[in-house]
Amino acid sequence: MSAVMISRKVRKWEKLPGKNTFCCDGRVMMARQKGVFYLTLFLIIGTCALFFGFECPYLAVHLSAAIPVFAAVLFLFVMAMLLRTSFSDPGVLPRALPEEATFIEMEIEAANGNVPSGQRPPPRIRNVEINNQIVKLKYCYTCKIFRPPRASHCSICDNCVDRFDHHCPWVGNCVGKRNYRYFYLFTLSLSLLTIYIFTFDIVHVVMRSVDDGFLSALKETPGTVLEVLVCFFTLWSVVGLTGFHTYLISLNQTTNEDIKGSWSGKNRVQNPYSHKNIFKNCCEVLCGPTYPSVLDRRGLMRDDSPVSASSAAPSSSSSSSLSFSNSSKPAPATVTTRTTAPLIPNEHTPDDAKPSIDAPAAPGRSPEDHLPAPSFIPPLASPETDAEASVAKDKNH
Amino acid sequence: MLARIAVVAQYRCAAAKGETSSMAETHSLQELQQPVVSTKVFIQRDYSSGTLCKFQNKFPTELESRLDRQHFEETIQTLNNLYAEAEKLGGKSYLEGCLACLTAYTIFLCMETQYEKVLKKVAKYIKDQNEKVYIPRSLLLTDPIERGLRVVEITVFEDRSFVPTS
């Protein structure tokens, strides 16, 4: 077999490290496990379909035609925000290229001086003063960079994400600097939609019961029962989540910082990013500038890699269709566990450098901090130091 | 030698825009032979003002023989000012945010964000600086966006086979 060398256009997303899946030739970026995201879609679309099928015809006639119209607008907004959160780049920081990684290594070695053999080198931490507070920047062994303030490494997506909030399996993506406002608007509008549907379900059943009696009213609209059930459980979790994030936004904190207790406690550093004004904090998070993606997924790779004709086809064709590599079962939990589900901490220690986590991000999973001893040791680092540093820090909480 | 660095700069610009294949075709093999890279200097981010995009103004020792401190500081300061303009929290950004929210962010399909406009200015400024200041000194400035807005990379080339013009 003679290999025909042709150069094919390789887009940068195909060569990106990390565990993301890309669709539509790099335009869509998601986490690998999407099962729970499909469940979210199904619940929202299913419940709204039942609402439009059972409630709206009756209420439009007997109450007002504005009811289905407003419901439709709200539904479209919820879907737009959900898709925007799920499909956009959360603020992934690209890994250091070899020269940059070497440069940083040399700086670290110069700063550490001569370490006697047998002794562990000090942990890789840089101290930065922000607003008169000392903030520690940790070194990421996977991405080979010192993480910017508020950035964190997500072990599920295997990327450092700027202003990392949490990895949300319900939207199938990380929530970070670029998509936090869409996530917040999604939870807010979903709360409104749930309350709206729940209210009009009750109104509908009451109105029918006045005419026909309660049980026969339920028999006429079986869909309503299902809707009320879903809405009742969704309400508690989603409204609670919205309230929690409203609280975080007013303090300009991320879920990650809240869980780790970075700014709480008397002896700890106060939040240097807060403007000390609720209105300003809200404005910055929700109406601040829209940050561009620094990943350049759709750019063409500079060196066209020559590929033999026989193998050129499969990799490019699989990219254009909506496919995912790791199909997983959706989380078995009901919607009630939503309050605990999204809060998956991401503490990156070298334990996670080669994560062996293949299980879907099931709700209520315990934090990765407590993984067993590392099986992978990065070439230029001493993993124990970072693990020790983080364990020591945990003990100080 | 200068021509080669200029070609590398143009090649990178074109690659960023996705025009790689056409660039490769129009230049001869000799011009595409990369000039020898002596070292690369990375200007790190300055986080003293928080998470704003700002680069350190400290003059790296590796460039002492090649570049004036003044030129370097001017470049970094202008870049910092441009990024500050992009991330400014003011009436304009709030208006953009609110308008976008009301249209469920579909307005960004036809409108460019403030940040994207500034990034274009930054790209133009870097190209300009490369042509006027850096390439004549066998240096090459890389747009920080290509490094995730983490560092400003300055490539130092060997072989100073020219007479400095300034």
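**Entry 1: the interface**

I began with the interface and noted that chain B and chain A bury about 3,300 Å² between them, with 65% of it on carbon and sulfur atoms; buried area here is the accessible area (1.4 Å probe) that two parts lose on being put together, summed over both. I then noted that B:Y47, B:Y105 and B:R150 supply 22% of the area that chain B buries against chain A, more than any other three residues. This is a predicted model, in which local features need pLDDT of at least 70 and side-chain atom pairs count only at pLDDT 80 or more, while totals for chains, interfaces and linings use all residues. Residues are numbered from 1 along each chain as its sequence is written, chains are lettered from A in the order in which they are written, and side-chain values use heavy atoms, with hydrogens and water left out.

I looked up the contacts (heavy atoms within 4.5 Å) and found 35 residues of chain B in contact with 42 residues of chain A.

**Entry 2: charged pairs across the interface**

For salt bridges I used the rule of a side-chain nitrogen of Lys or Arg within 4 Å of a carboxyl oxygen of Asp or Glu, and this rule finds 2 across the interface of chain B and chain A. I looked at B:R150 again, and B:R150 forms a salt bridge with A:E100, where the closest N and O atoms are 2.7 Å apart.

**Entry 3: a salt bridge within chain A**

Over all chains, the count comes to 17 salt bridges. I picked out A:D158, which pairs with A:R95, the closest N and O atoms being 3.1 Å apart. A:D158 lies in the loop between β8 (152–154) and β9 (159–161) of chain A and A:R95 in the loop between β4 (92–93) and α3 (98–112) of chain A, so the pair ties together parts that are 63 residues apart in sequence. Helices (H or I, at least four residues) and strands (E, at least two) are DSSP runs, numbered from the N terminus.
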